[in-house]
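Dear colleague,

Please find below the structure that I am handing over to you. My findings follow it, arranged by topic.

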Amino acid sequence: MPFDSNGVYSLPNGYLAVTGQTILASQHNPPLQDIQAALSQLILRSGVAPFSGNQSMAGFKITNAANGVADGDYVTMSQLTAVIASVTAGVVPTGAVAGFRMTTPPTGWIKENGGTIGSAASGATNRANADTQALFTLLWTNFDQTALPIQNSSGAVTTRGASAAADFAAAKRMPLFDSRSRFLRGADDGLGYDVAIVVGLAQDDLIKNHTHPITDLGHAHAQQGSGSPGATTTANYSNSLTAAAQQATNTATATTGITIQNNTGGGSETRPRASAVLHCIKL
């Protein structure tokens, strides 16, 4: 038994020689055979022999490995990190906005909450870190001072510099749009439905102009008049009146009884069915 299950090597019993005793083959050969079997299980540093079974690392790491270059090669952590970064950058670009079913942003995202971003020296309220420069540059390039007024490191609105890089280096703050409690809407982008709906537009609550038709089923008016009480028909009564009496004839006051009820089951806003998420923007 070259090694036990814990990797401990032991020679077989009865291998020790005694001074003055003839060494027998049965005493001499078994330990050499055991050593041969044990050495055959070792991992040679030259790598001339492959593994013959799965290797348990027991929680330990393989360190100082070279980067893999071909199929079947070991892949290092730096290679894996680089691949993830490149895939993420291609699939989810800087400036993408998404809703997450969580209360804090995932790695690489920040809340789109109207706060500010900038360098570590900017004092930005949402995130002050060098990793915001790509988003800072994108917003600086795509939106003007009216849409996103840039701020100095104290939070006061200031003029924009010569470039996004210059403003970022000057520790200025770039404000974000505020998507809290808002539905995201597609820009018109040439459709012609409403050309005012451009990227970055914020809109308040609104109800479209509409009408409420009313159906009047009709009603009758009783006639009141003054004059000769001797008339027995409407026609005779009207004919028997003097001119002055006919002028005094009028109809009784009447109302339709039609009313429009206020909505009593509503709330403070107009909305479709909704499910809330945390809107975030990609760094």
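Is arginine 271 buried or exposed? Arginine 271 is exposed, because its relative accessible area is 53%, and the threshold for that class is over 50%. Please bear in mind throughout that this is a predicted model.

Salt bridges

Arginine 271 has a charged partner: glutamate 269 forms a salt bridge with arginine 271, and their closest N and O atoms lie 2.5 Å apart. Glutamate 269 itself counts as partly exposed, since its relative accessibility is 41%.

Another of them links aspartate 178 to arginine 180, with 2.7 Å between the closest N and O atoms. Here aspartate 178 is partly exposed at 31% relative accessibility, whereas arginine 180 is exposed at 54%.

A further salt bridge joins aspartate 131 and arginine 127, where the closest N and O atoms are 2.7 Å apart. Aspartate 131 has a relative accessibility of 32% and therefore counts as partly exposed. Arginine 127 is also classed as partly exposed, at 30%.

The sheet that includes arginine 127

Arginine 127 has a place in a strand as well: in β4, arginine 127 stands opposite isoleucine 117. Strand β3 covers residues 116–118 and is joined to β4 by two bridges, the two strands running parallel. These strands belong to an open sheet of three strands, in the order β4-β3-β5 and with mixed pairing. At its edges are β4 (127–128) and β5 (174–175), each of which pairs on one side only.

Which residues of strand β8 lie on each of its faces? Leu278, Cys280 and Lys282 are on one side, His279 and Ile281 are on the other, and all of them are buried. Taken as a whole, β8 (residues 278–282) is mostly covered, with five of its five residues buried.

Two other strands are joined to β8. Strand β1 (residues 97–100) runs antiparallel to β8, and four bridges join them. Within this pairing, histidine 279 of β8 is the bridge partner of glycine 99. Strand β2 (residues 109–111) also runs antiparallel to β8 and is joined to it by three bridges. In this case isoleucine 110 stands opposite isoleucine 281 of β8.

A loop residue and its contacts

Where is isoleucine 214 placed? Isoleucine 214 lies in the loop between β5 and β6 (223–224). With a relative accessibility of 51%, isoleucine 214 counts as exposed. Which residues does isoleucine 214 contact, if its neighbours within four places in sequence are left aside? Isoleucine 214 is in contact with Ile258 and Ile260. Along the chain, isoleucine 214 and isoleucine 260 are 46 residues apart, while their C-alpha atoms are separated by 8.7 Å.

With kind regards

Notes
Residues are numbered from 1 along each chain as its sequence is written. This is a predicted model: local features need pLDDT of at least 70, side-chain atom pairs count only at pLDDT 80 or more; totals for chains, interfaces and linings use all residues. Side-chain values use heavy atoms; hydrogens and water are left out. Buried means under 20% relative accessible area, exposed over 50%, partly exposed in between (1.4 Å probe, protein chains only). Two strands pair if DSSP finds at least two bridges between them. A salt bridge is a side-chain nitrogen of Lys or Arg within 4 Å of a carboxyl oxygen of Asp or Glu. Contact means heavy atoms within 4.5 Å.
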